[in-house]
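Dear colleague,

I am passing on the structure we spoke about, and below it you will find my notes on what turned up in it. Please read them with the coordinates open beside you.

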Amino acid sequence: MLMKQGMQAGSTRSAVMLNSKTGAMRACRRLPQGARRQLTVQATAAPEKPAPAYNQWHQPAGKGESFYTGDDGYQYVDNMRVDDVRQQVPDSPFYLYSKRRITNNYMAYKKALEGLDSIIGYAVKANNNMVIMKHLQQLGSGAVLVSGNELKAALAVGFDPTRTIFNGNGKLPWELELAVDKGVLINIDSEFDFDNIKAAAKKLNKPAKTLLRI
């Protein structure tokens, strides 16, 4: 406990007491003619600074995920310095992706759906880079498509047709025929889409595997 006293005008005496452990401060002022007034002020010391939270933009050099600045000041993607990658690529600009981030994102979905009969489908329209598609296919992902060309790309990298979903309300006859032939799951998006799916199945003499949105 620390205490400081001082004199004020009119022989009024004041005292300030500070508890060094709790940080509580108590001020007392003694007035003339026996009058007494007491003022109490509570002050709480700031808590210790917590450990810094995870910051995806600043991580240990070569040990982080996705794009970040390493503790050595260099820009990284996963365990590689971006400058080192740039020197190995003859063309510029170029696309650079984080394999770790893509992998971890997929695994997070897989863990969340564990025990459920479900399909994790990569939307090919988001990015039809064949290397990324192949990587996701190897992880066990299915594919979600909106065109016949996307279906061709998905088949080329090895996606399982039975875990591939074909969406869109403007599917062309040849696209539906390819989907029916490969056993792709086809979402029925309208009445005329349903008619076209039936026509494709009839032409190929194969059953169409269809889905209904709920």
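Predicted model: local features only at pLDDT ≥ 70, side-chain atom pairs only at ≥ 80, totals over all residues.

The protein chain has an average pLDDT of 82, and 74% of its residues score at least 70. Over residues 1–28, however, the pLDDT is below 50, although this stretch has 63 contacts in the model beyond near neighbours in sequence.

Taken as a whole, the protein chain comes to six helices and 13 strands, and 28% of its 214 residues count as buried. Among contacts between residues at least 6 apart in sequence, 25% join residues at least 24 apart.

Backbone details

In the loop between α1 and α2 one finds Pro93, which is joined to Ser92 by a cis peptide bond with omega at about 0 degrees.

Helices α2 and α3

The axes of helix α2 (residues 99–112) and helix α3 (residues 130–139) come within 11 Å and cross at roughly 40 degrees, and the crossing in which α2 passes α3 is right-handed. On the α2 side the contact is made by Lys99, Ile102, Thr103 and Tyr106, and on the α3 side by Ile132, His135, Leu136 and Leu139. By residue type, this contact divides into five nonpolar, two polar and one charged.

Helix α5 and its surroundings

In α5, the residues Glu175, Leu176, Leu178, Ala179 and Val180 are buried, and the buried residues of this helix pack against α4 (148–157), β11, β12 (185–187) and α6. Leaving aside neighbours within four places in sequence, Ala179 is in contact with Leu151, Phe166, Val184 and Ile186, while its C-alpha atom is separated by 9.9 Å from that of Ser147, which is 32 residues away along the chain. After α5 comes Gly183, with a positive phi near 80 degrees.

Salt bridges

A search of the whole structure finds nine salt bridges, and I describe some of them here. In what setting do the side chains of Asp193 and Lys171 meet in a salt bridge? The N to O distance is 2.7 Å, and because Asp193 lies in helix α6 (residues 191–204) while Lys171 lies in the loop between β11 (164–166) and α5 (173–182), the pair ties together parts that are 22 residues apart in sequence. Both partners count as buried, Asp193 at 1% relative accessibility and Lys171 at 6%. The two also belong to a network of salt bridges that links Lys171, Asp189, Asp193 and Arg213.

Two further pairs sit within single helices. Asp83 forms a salt bridge with Arg86, with the closest N and O atoms 2.4 Å apart; being three residues apart in helix α1 (residues 82–88), they are separated by about one helical turn. An α-helix has 3.6 residues a turn, so residues three or four places apart point the same way. Asp83 is partly exposed, at a relative accessible area of 33%, and so is Arg86, at 45%.

The other pair is Lys198 and Asp195, whose closest N and O atoms are 3.8 Å apart in a salt bridge; both residues lie in helix α6, three residues apart, about one turn of the helix. Lys198 counts as partly exposed at 44% relative accessibility, and Asp195 is partly exposed as well, with a relative accessible area of 42%.

Methods:
Residues numbered from 1 in each chain as written. Heavy atoms only, no water. pLDDT = per-residue confidence, 0-100. Contact = heavy atoms within 4.5 Å. Axes fitted to C-alpha atoms, helices over the stretch in contact; angles between N-to-C directions. Helix = DSSP H or I, 4+ residues; strand = E, 2+ residues; numbered from the N terminus. Left-handed = near helix turned anticlockwise from the far one by under 90°. Nonpolar A, V, L, I, M, F, W, Y, C, P; charged D, E, K, R; others polar. Salt bridge = Lys/Arg side-chain N within 4 Å of Asp/Glu carboxyl O. Buried < 20%, exposed > 50% of the residue type's maximum accessible area, 1.4 Å probe, protein only.
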